[in-house]
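Please open the structure in your viewer and keep the selection panel at hand.

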Amino acid sequence: MPNEEKQTAAGDGLRVGVFICDCGLNIAGSVDTQAVTDYAATLPRVVCAVRNRYTCADPGQNEIKAAIREHNLNRVVVASCSPLMHEPTFRACIASEGLNPYLLEMANLREHCSWVHGGDKDGATAKAKDLVKSAAARAARLQAREETSMPVTQAALVVGGGVAGIQASLDLAGAGYQVYLVDKEPSIGGIMARLDKTFPTMDCAI
Ligand code: SF4
């Protein structure tokens, strides 16, 4: 079924663009990215599927921007690396074309697929298709979000007065925050409070 007909059949106005990154051979060396791109084009609501050599580079981002304009996309899926690395990059990219930056979904084809299935191209490609299918389905459920700022109480609650809680409290206090340290016991110290001596100095634990 042609993509435009699929879109009409979906009837919810969602127009998803999917961008599959080769990352040079980082992904394309272990995943058949063209096969994943061809598969992505068959998914519900996907009106455009593009394979990029380096999606985060300017040419790759320009392809996303051009596709948003050409296909009137309102959801974008980038199948590339960890969102930790480039989610802000792609949010800014789609925002520059007037899309809400939270209408972006990512599939991690590198850390979660190509890098861990290097010796199994068929298996990695099948998994990459599943990751893209999942991301496209999630994209259909995304809602636009607006960022707001609000004041927060400049204080911290630390639960547990063991060594970790005490140290966290000291660090927070040292950073200038009011700290409330609570413990279920009447005194702090946790396990350490029950020890007579501690290695290597054999000092009293408290
Ligand atoms: S978007 Fe990620 S996976 Fe693609 S080229 Fe850039 S670093 Fe590599």
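**First stop: strand β3**

Select β3 and display its side chains: R75, V77 and A79 point one way, V76, V78 and S80 point the other way, and all are buried. A residue is called buried if 20 or more other C-beta atoms lie within 10 Å of its own, exposed if 12 or fewer do, and partly exposed in between, with C-beta atoms placed from the backbone. By this rule β3 is mostly covered, six of its six residues being buried. The names of the elements follow DSSP runs: helices are H or I runs of at least four residues, strands are E runs of at least two, and both are numbered from the N terminus.

Two conventions apply throughout. Residues are numbered from 1 along each chain as its sequence is written. The model is predicted, and local features need pLDDT of at least 70, side-chain atom pairs count only at pLDDT 80 or more, while totals for chains, interfaces and linings use all residues.

**Second stop: the partners of β3**

Which residues of β3 stand opposite F19 and V16? F19 is opposite V78, and V16 is opposite R75. β3 also pairs with β4 in the parallel sense, over five bridges. Here A79 has A107 in β4 as its bridge partner.

Are the faces of β1 buried or exposed? Both are covered: V16, V18 and I20 on one side and G17, F19 and C21 on the other are all buried. Because six of the six residues of β1 are buried, the strand is largely enclosed by the rest of the structure.

Select residues 121–139, which form helix α7. At 1.5 Å a residue, its 19 residues should span 27 Å, and the end C-alpha atoms are 26 Å apart, which agrees. The expected span is 1.5 Å times one less than the number of residues. Colour A124, T125, A128, K129, V132, K133, A135, A136 and A139, the buried residues of α7. An α-helix has 3.6 residues a turn, so residues three or four places apart point the same way. The cover over the buried residues of α7 includes β1 (16–21), α3 (33–40), β2 (46–52), β3 (75–80), β4 (104–108) and α6 (110–114).

Select F90, which has its place in helix α5. F90 counts as buried because it has 24 C-beta neighbours inside 10 Å. Leaving aside neighbours within four places in sequence, F90 is in contact with V78 and L104, contact being a distance within 7 Å between C-beta atoms placed from the backbone.

Show the ligand together with C21, C23, N26, I27, Y54, T55, C56, S80, C81, M85, H86 and R110, the residues around it. The elements that give two or more residues to this shell are α2 (25–28) and α5 (83–95).

Most residues other than glycine have a negative phi, and most peptide bonds are trans. C23, in the loop between β1 and α2, has a positive phi of about 50° although it is not a glycine. R45, in the loop between α3 and β2, likewise is not a glycine and has a positive phi of about 75°. Finally, select F199 and P200, which are joined by a cis peptide bond with omega of about 5°. P200 lies in the loop between β7 (197–198) and β8 (203–204).

**Last stop: the two domains**

Zoom out and colour domain 1 (3–139) and domain 2 (155–204) separately; such bounds come from an automatic or database domain assignment. How far apart are the C-alpha centres of domain 1 and domain 2? They lie 47 Å apart.

How values were computed: A residue is near a molecule or strand if its C-beta atom, placed from the backbone, lies within 6 Å of it. Two residues are in contact if their C-beta atoms, placed from the backbone, lie within 7 Å. Two strands pair if DSSP finds at least two bridges between them.
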